Amino acid sequence: MLPKLFLWPPVRSVTQALERLTLLLLVGGVLFEIVTGLLNIQYWYAFPFSFYTAHFYGAWVTIAALVAHVALKLPHMIKGLRSRSLRNELRTPLEATHPEDAGDDELVVSDPKPATISRRGLLGAVGAGSAALLVTTVGQTLGGPFRNIALLAPRGRDQGDGPNDFPVNKPAAYRHIKPSQTGSSWRLTLATAAGSMASLSRPQLLELGLHTYELPIACVEGWSTVQTWTGVRLRDLAALAGEEGPDSVLVESLQQGGAFGSVLLSPTQLLDPQSLLALKVNGADLSPDHGFPARVIVPAAPGVHNTKWVRQITFTKS
Amino acid sequence: MAQKLDIFRRRYGGSPLHLVAMVASLALAGFAGLKLTQSLGTSKTTAVAVWLIGAAVAHDLILFPIYTLLDKAGTKLVARPRRTSAINFIRLPVLLSGMLFLVYVPLVGGFSGTTYESITGLPVSVYFGRWLLITGALFGLSGALYALKLGVSGSRGHPSHGSSTESS
């Protein structure tokens with residue numbers, strides 16, 4: 001298809017002009033999403049705009065161009081795929097690889113050089129590329145021993161030993177959490193819209209009914225980890241605060257900076273029996289980097305919504 | 001009706017459905033651009049547009065000519081009779097190693113440097129070494145496979161054992 005890019009004159013009809021414009025948005029959109037996404041998960045903030053906003057609207061531009069392009073080219077694609085049998089191509093070596101018949105198809109090169117790679121070879125090369133990315137990345141998501149084979153992935157690293165050995169999104173020092181804030185003077189504040197306030201220390205929280213669940217942290221940056229968390233159910237905290245059926249739950253952290261220092265949870269997230277204010281992980285106290293003294297763990301929420309270093313939970317009712 | 005359709009096709013160069021798809025696609029893209037301007041402002045939206053269009057232009061006018069010329073040079077270098085497919089034993093490791101480099105260039109090239117290190121508390125320098133090792137392993141494996149293939153086709157291509165063009 002690329003030789004068609006350099007045809008002269010570049011525009012010969014309205015159809016072609018519109019098509020080339022949407023193709024520019026398609027190719028640009030796909031590259032934009034991939035490049036900004038890759039820069040973001042590797043913390044090279046080279047772009048002068050907000051990642052989330054640009055990536056979100058960039059996706060809409062890409063989807064619009066992709067859907068239109070697939071709709072227009074689907075008959076062409078089906079015709080092309082049906083013209084050859086996959087089984088035969090997989091048995092055809094380079095010596096027997098011949099160029100496409102030109103016919104009346106404008107996409108076929110009219111006077112090609114002899115083939116230097118078989119069709120099965122090209123298919124294999126694309127497959128090898130996918131496999132290379134899979135192998136160097138998937139350990140970030142599978143975790144456990146597989147994390148060691150994620151050689152190039154940003155979250156394929158060893159965090160040390162013990163029950164707190166799993167990836168940290170942002171460490172305590174990065175969010176300016178001081179040991180004096182999380183020591184014996186730390187209190188969890190439970191607030192309601194009605195204005196009632198309750199304050200609990202960590203030993204008091206540990207005396208409440210504790211529950212243990214195996215739950216994942218799944219980061220939108222492409223890594224995840226499943227751990228065993230122990231803590232107080234969020235709905236038990238709501239009852240303790242005197243708010244049985246709140247409309248929303250605002251969780252606030254001690255952290256400074258970052259877009260997720262306070263997070264709004266939905267009533268369904270609050271009511272899930274597995275939604276915890278976790279105090280321990282794998283039987284040990286949370287480490288400072290994993291959110292000591294207490295962090296939220298909610299099933300199926302994006303990792304950034306599992307707020308660490310929680311200082312206040314506000315239950316509101318409209 | 002059919003006559004009107006013919007006139008449309010002649011004037012526009014495609015079917016009415018084509019025009020509908022194009023306009024729908026451009027309208028949605030325009031709407032996304034408008035929403036983006038509302039949340040980021042004009043100057044940052046311009047920056048997004050420059051990056052988006054720039055990505056396509058950079059690929060088509062810089063990256064594409066570079067890898068085409070490299071491939072032509074490589075093909076010429078190994079172009080000897082009966083050795084056409086040798087180029088693929090260079091192409092594949094170059095493709096895989098180059099793709100991994102491009103995908104992980106912030107870490108492999110150390111561009112994430114201080115940000116990565118302050119977020120993870122771990123040095124970023126390990127990635128360049130790991131990439132070199134992977135590259136070395138890929139070329140080593142490819143070389144070994146090529147040697148194996150030469151050995152096989154060499155014994156097959158022996159005068160008393162038929163034609164050398166049988167090798168794949």
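Which residues in α2(A) meet which residues in α2(B)? In α2(A) they are Thr15(A), Leu18(A), Glu19(A), Leu21(A), Thr22(A) and Leu25(A), and in α2(B) they are His18(B), Leu19(B), Met22(B), Ser25(B), Leu26(B) and Ala29(B). Contact here means heavy atoms within 4.5 Å.

This is a predicted model, in which local features need pLDDT of at least 70 and side-chain atom pairs count only at pLDDT 80 or more, while totals for chains, interfaces and linings use all residues. Residues are numbered from 1 along each chain as its sequence is written, chains are lettered from A and ligands numbered from 1 in the order in which they are written, and side-chain values use heavy atoms, with hydrogens and water left out. Helices (H or I, at least four residues) and strands (E, at least two) are DSSP runs, numbered from the N terminus.

**The interface of chains A and B**

- In this interface, 64 residues of chain B are in contact with 67 residues of chain A.
- The two chains bury about 5,600 Å² between them, with 76% of it on carbon and sulfur atoms. Buried area is the accessible area (1.4 Å probe) that two parts lose on being put together, summed over both.
- On the chain B side, Trp51(B), Tyr104(B) and Ile119(B) lose the most area to chain A, together 13% of what that side buries.

**Helix pairs between the chains**

- Helix α2 of chain A (residues 14-41) packs against helix α2 of chain B (residues 16-40) at an angle of about 40°, and their axes are 10 Å apart. Axes are lines fitted to C-alpha atoms, for helices over the stretch in contact, and angles run from 0 to 180 degrees between N-to-C directions.
- That angle makes α2(A) oblique to α2(B). Angles under 35 degrees count as roughly parallel, over 145 as roughly antiparallel, 65 to 115 as roughly perpendicular and the rest as oblique.
- α2(A) and α2(B) cross in the left-handed sense. A crossing is left-handed if the near helix is turned anticlockwise from the far one by less than a right angle, and right-handed if clockwise.
- The residues in the contact of α2(A) with α2(B) comprise seven nonpolar, four polar and one charged. Ala, Val, Leu, Ile, Met, Phe, Trp, Tyr, Cys and Pro count as nonpolar, Asp, Glu, Lys and Arg as charged, and the others, Gly among them, as polar.
- The crossing of α5(A) and α4(B) is right-handed. Among the residues making this contact are Ala125(A), Gly129(A) and Leu133(A) of α5(A), and Leu92(B), Leu96(B) and Met99(B) of α4(B).
- The contact of α5(A) with α4(B) has ten nonpolar residues, two polar and no charged.

**A helix pair within chain B**

- Helix α3 of chain B (residues 42-78) packs on α4(B) at about 145°, with the axes 9 Å apart, and passes α4(B) in a right-handed crossing.
- Asp71(B), Gly74(B), Thr75(B) and Val78(B) of α3(B) meet Ile87(B), Ile90(B) and Arg91(B) of α4(B). These residues divide into three nonpolar, two polar and two charged.

**The sheet of chain A**

- Chain A has an open sheet of five strands with mixed pairing, in the order β2-β1-β10-β5-β6. Two strands pair if DSSP finds at least two bridges between them.
- β2 (197-200) and β6 (262-265) of chain A stand at the edges with a single partner strand each, so one side of each has no neighbour in the sheet.
- From one strand to the next, the twist averages 15°.
- β1 of chain A (residues 188-192) pairs with β2(A) in the antiparallel sense over four bridges. Ser199(A) in β2(A) is the bridge partner of Thr189(A).

- Phe292(A) and Pro293(A) are joined by a cis peptide bond, with omega about 10°.
- His176(A) is not a glycine but has a positive phi of about 60°.
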